[in-house]
Amino acid sequence: MSDTVESVIVAIDGPSGTGKSSTSKAVAAALGLNYLDTGAQYRAITWWMISNGVDVHDSAAVATAAAKPVIVSGTDPAAPAITVDGQDASGPIRTQEVTSKVSAVSAVPEVRTLITELQRSIAAAAEKGIVVEGRDIGTTVLPDADLKIFLTASPEARAARRSGELKGVDVAATREALVKRDAADSSRKTSPLAKADDAVEVDTTDLTLQQVIECVVTLVEERRSTTDDTEKRAAR
């Protein structure tokens, strides 16, 4: 399959619990593309702020410290690593404390500017193409992506999935937290969570993960085929 798809940039956006990460990694692996979890980068800088005693609710303090941590993201879909100042951060960034504070940090314009520049540089360096997942990829980070996909699901389905990932977590409490984060991410002034006008929306509520993966792979292959045909006609 990877032989049929050349360099292509795929943007996958959507709120938490829609299957973004699992889908993006699987699609990248199936098509021989690189993979970037942009949410992990915001989690990484949030973890750094917490670890270094920065008040994440003090936007001025966060803005001042934003350029200090060195964040390096691996792009192998089979093992997407992330380090902060040379330290493996893949585990620490998934704690509940980081989850509860990442929206506050990611809403700071200076943070978004720095991380967006990092994301664009990684995408530009991906010679064989890349699947980039996040919340503002199709609208802000990579508005010229070859294909934009926006994953959705009902709050109930998303809460059930997230509770399954976080063992022992109450579904109702998880749903409340997801809805609260959606509101924060969708209403922030800088690069809010939003569906790009030219994005393909995929509702994953009643789909298995494998069905979502197959759907997205098909969309990528169709877009690639259309692009190839257009280039061939233009070359005639």
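Visitor: Which residues does V70 touch, not counting residues up to four places away in sequence?
Guide: This is a predicted model. V70 lies in the loop between α3 and β3. Not counting residues up to four places away in sequence, the residues that V70 touches are T83, V84 and D85.

Visitor: How far apart in space are V70 and W48, C-alpha to C-alpha?
Guide: V70 belongs to the loop between α3 and β3. In sequence, V70 and W48 are 22 residues apart; in space, C-alpha to C-alpha, the separation is 9.7 Å.

Visitor: Is D85 buried, partly exposed or exposed?
Guide: D85 is found in the loop between β4 and β5. Buried means under 20% relative accessible area and exposed means over 50%. The relative accessibility of D85 is 45%, so D85 counts as partly exposed.

Visitor: What is the phi of D85?
Guide: Most residues other than glycine have a negative phi. D85 is a residue other than glycine, yet its phi is positive, near 55 degrees.

Visitor: Where is S191, the other residue I wish to ask about with a positive phi?
Guide: S191 is not a glycine, although its phi is positive at about 45 degrees. With a relative accessible area of 14%, S191 is buried. Its place is in the loop between α8 and β8.

Visitor: Is A67 buried or exposed?
Guide: A67 is found in the loop between α3 and β3. Its C-alpha atom is separated by 33 Å from that of T152, 85 residues apart along the chain. The cut-off for exposed is over 50% relative accessible area. A67 has 61%, and is therefore exposed.

Visitor: Is W47 buried or exposed?
Guide: The place of W47 is in helix α2. Not counting residues up to four places away in sequence, W47 touches V84, Q87, A89, P92, I93 and V98. Because its relative accessible area is 15%, and buried means under 20%, W47 is buried.

Visitor: How far apart in space are W47 and G32, C-alpha to C-alpha?
Guide: W47 is in helix α2. W47 and G32 are 15 residues apart in sequence, and their C-alpha atoms are 31 Å apart in space.

Visitor: How are α2 and α4 oriented to one another?
Guide: Two packed helices are described by the angle between their axes and the distance between the axes. For α2 and α4, the axes are 9 Å apart and the angle is about 100 degrees. Angles of 65 to 115 degrees count as roughly perpendicular. The angle therefore makes α2 roughly perpendicular to α4.

Visitor: How many nonpolar residues are in the contact of α2 with α4?
Guide: From α2, the residues that meet α4 are Y42, R43, I45, T46, W47 and I50; from α4, they are E97, V98, T99, K101, V102, V105 and S106. By class, this contact has 3 polar residues, 3 charged residues and, as the number requested, 7 nonpolar residues.

Visitor: What is the orientation of α2 to α5?
Guide: The axes of α2 and α5 come within 11 Å and cross at roughly 140 degrees. Roughly antiparallel requires an angle over 145 degrees, and roughly perpendicular one of 65 to 115. The angle therefore makes α2 oblique to α5.

Visitor: Is the crossing of α2 and α5 left-handed or right-handed?
Guide: In α2, T38, Q41, Y42 and I45 meet residues of α5, including V111, R112 and I115. By class, the contact has 6 nonpolar, 4 polar and 1 charged residues. The crossing of α2 and α5 is right-handed.

Visitor: Is T38 buried or exposed?
Guide: T38 is found in helix α2. Not counting residues up to four places away in sequence, T38 touches Q119, V132, E133, G134 and I137. Its relative accessible area is 2%, so T38 is buried.

Visitor: Which element gives the largest share of the largest nonpolar core?
Guide: Of the 23 residues in this core, M49 and V111 touch the most other members. The elements that give two or more residues are α2, α3, β4, α4 and α5. The largest share, 7 residues, comes from α2.

Conventions
Residues are numbered from 1 along each chain as its sequence is written. This is a predicted model: local features need pLDDT of at least 70, side-chain atom pairs count only at pLDDT 80 or more; totals for chains, interfaces and linings use all residues. Side-chain values use heavy atoms; hydrogens and water are left out. Axes are lines fitted to C-alpha atoms, for helices over the stretch in contact, and angles run from 0 to 180 degrees between N-to-C directions. Helices (H or I, at least four residues) and strands (E, at least two) are DSSP runs, numbered from the N terminus. Angles under 35 degrees count as roughly parallel, over 145 as roughly antiparallel, 65 to 115 as roughly perpendicular and the rest as oblique. A crossing is left-handed if the near helix is turned anticlockwise from the far one by less than a right angle, and right-handed if clockwise. Contact means heavy atoms within 4.5 Å. Ala, Val, Leu, Ile, Met, Phe, Trp, Tyr, Cys and Pro count as nonpolar, Asp, Glu, Lys and Arg as charged, and the others, Gly among them, as polar. A nonpolar core is a set of buried Ala, Val, Leu, Ile, Met, Phe, Trp, Tyr and Cys residues joined through side-chain atoms within 4.5 Å. Buried means under 20% relative accessible area, exposed over 50%, partly exposed in between (1.4 Å probe, protein chains only).
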